[in-house]
Amino acid sequence: MLGPRVWSSVRQGLSRALSSTVGGWASREGRKVDISGIYPPVTTPFTATAEVDYGKLEENLHKLGTFPFRGFVVQGSNGEFPFLTSSERLEVVTRVRQALPRDKLLLAGSGCESTQATVEMTVSMAQVGADAAMVVTPCYYHGRMNSAALIHHYTKVADLSPVPVVLYSVPANTGLDLPVDAVVTLSQHPNIVGIKDSGGDVTRIGLIVHKTRRQDFQVLAGSAGFLLASYAVGAVGGVCALANVLGAQVCQLERLCLTGQWEDAQKLQHRLIEPNTAVTRRFGIPGLKKTMDWLGYYGGPCRAPLRELSADQEEALRLDFTSNGWL
């Protein structure tokens, strides 16, 4: 059961959200909050002894703040959130909010395995400064996570969240694609504003855009590797790991797509495909952090059980960037 303090926080948060004319569930015109744009999913820096390095986190944010991002995703997959304690997850969100200008949106990953824990984490992250909650699909019992279960889960979370909710489908990590029929149903909820779809299936992204077109529902591509294609079928932005190291280039690709400069966008997209694959599917967070070290940020170690790259892997990673002109 949710404790009295949590329920009190939920009620207070809902009251603030319903009475707010800026942010919250809807704008003054009755539309859902606009989440369009590019977001780097911030990594969590660790010391050599595997403690969260909040100083390095702040340094990275100041450097990333020079690019025209819409905001930042904190405690997503690239933030190694499954390896952090609840208190660490909240402290990271707190520190990021303190370091960010108020005009930058903070999307905080609040997903947990149970609905109760997700509600509690969502309320807590809202209290420490999250502008919206990005909620990954619960997946441990993935065989039972059908549309009905997921609709029930997300509806409960959205009902009780004091900030807008963004659905998060990342089948490479969860083994579970949030079904399109569930997305369409959930798009009708006034406090569910969109989805981050990391599956890479552009036909699916286009179908979601098409089927939710009357719901003021927004789709964010979950990777820079299919950003151009996603814009072409109606996505409004992207949460891109590659933006942690090639922020200017990912924002340039966004601008080219939005201004209809498709030939130049195609050329740039081609040069981002291999580096993007390298820091996502191929070498994952260890690859992303190594590249951050090369390009003037603090990457540092991952928290165990993730391991650093081997010498051969590091060489292959470097080649993916140098062959495309980025190193």
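There are 11 salt bridges in this structure, a salt bridge being a side-chain nitrogen of Lys or Arg within 4 Å of a carboxyl oxygen of Asp or Glu. What you're looking at is a predicted model, where local features need pLDDT of at least 70 and side-chain atom pairs count only at pLDDT 80 or more, while totals for chains, interfaces and linings use all residues. Residues are numbered from 1 along each chain as its sequence is written, and side-chain values use heavy atoms, with hydrogens and water left out. Helices (H or I, at least four residues) and strands (E, at least two) are DSSP runs, numbered from the N terminus.

- Eight strands build an open sheet: 8 strands in the order 1-8-7-6-5-4-3-2, with parallel pairing. Two strands count as paired if DSSP finds at least two bridges between them.
- At the edges sit strand 1 (37-39) and strand 2 (71-74), each pairing on one side only.
- From one strand to the next, the twist averages 25 degrees. Angles here run from 0 to 180 degrees between N-to-C directions, and axes are lines fitted to C-alpha atoms, for helices over the stretch in contact.
- Strand 2 and strand 3 (residues 105-109) run parallel and are joined by 4 bridges. Phe 72 has Leu 106 in strand 3 as its bridge partner.
- Lying across strand 2 and strand 3 is helix 3 (residues 86-99), which runs at about 175 degrees to strand 3.

**Helix 10 with helix 11**

- Helix 10 (residues 247-258) packs against helix 11 (residues 262-282) at an angle of about 150 degrees, and their axes are 8 Å apart.
- Helix 10 and helix 11 are therefore roughly antiparallel; the label applies to angles over 145 degrees, with under 35 counting as roughly parallel, 65 to 115 as roughly perpendicular and the rest as oblique.
- Left-handed is used if the near helix is turned anticlockwise from the far one by less than a right angle, and right-handed if clockwise.
- On the helix 10 side, Gln 249, Gln 252, Leu 253, Leu 256 and Cys 257 meet Trp 262, Asp 264, Ala 265, Leu 268, Gln 269 and Leu 272 of helix 11. Contact means heavy atoms within 4.5 Å.
- Sorted by class, the helix 10 and helix 11 contact has 7 nonpolar, 3 polar and 1 charged residues. Ala, Val, Leu, Ile, Met, Phe, Trp, Tyr, Cys and Pro count as nonpolar, Asp, Glu, Lys and Arg as charged, and the others, Gly among them, as polar.

**Helix 11 with helix 13**

- Helix 11 also packs with helix 13, at an angle of about 150 degrees and with axes 7 Å apart. That makes helix 11 roughly antiparallel to helix 13.
- Helix 11 brings Glu 274, Pro 275, Ala 278, Val 279 and Arg 282 to this contact, and helix 13 brings Ala 316, Leu 317, Asp 320 and Phe 321.

**Helix 4 with helix 5**

- The axes of helix 4 (residues 115-127) and helix 5 (residues 147-160) come within 9 Å, crossing at roughly 30 degrees. Helix 4 and helix 5 are therefore roughly parallel, and their crossing is right-handed.
- Thr 115, Thr 118, Val 119, Thr 122 and Val 123 of helix 4 meet His 153, Lys 156, Val 157 and Leu 160 of helix 5. That helix 4 and helix 5 contact has 4 nonpolar, 4 polar and 1 charged residues.

**Local spots to look up**

- Glu 59 forms a salt bridge with Lys 56, with the closest N and O atoms 3.7 Å apart. The two residues, Glu 59 and Lys 56, sit 3 residues apart in helix 2 (residues 54-64), so about one helical turn separates them.
- The peptide bond from Ala 304 to Pro 305 is cis, with omega near 20 degrees. Pro 305 is in the loop between helix 12 (284-294) and helix 13 (311-322).
- Glu 80, in the loop between strand 2 and helix 3, has phi near 55 degrees, a positive value in a residue other than glycine.
- Pro 179 lies in the loop between helix 6 (171-174) and helix 7 (180-186). Leaving aside neighbours within four places in sequence, Pro 179 is in contact with Ser 147, Leu 150 and Arg 204.
- Pro 179 and Arg 204 are 25 residues apart in sequence, and their C-alpha atoms are 9.8 Å apart in space.
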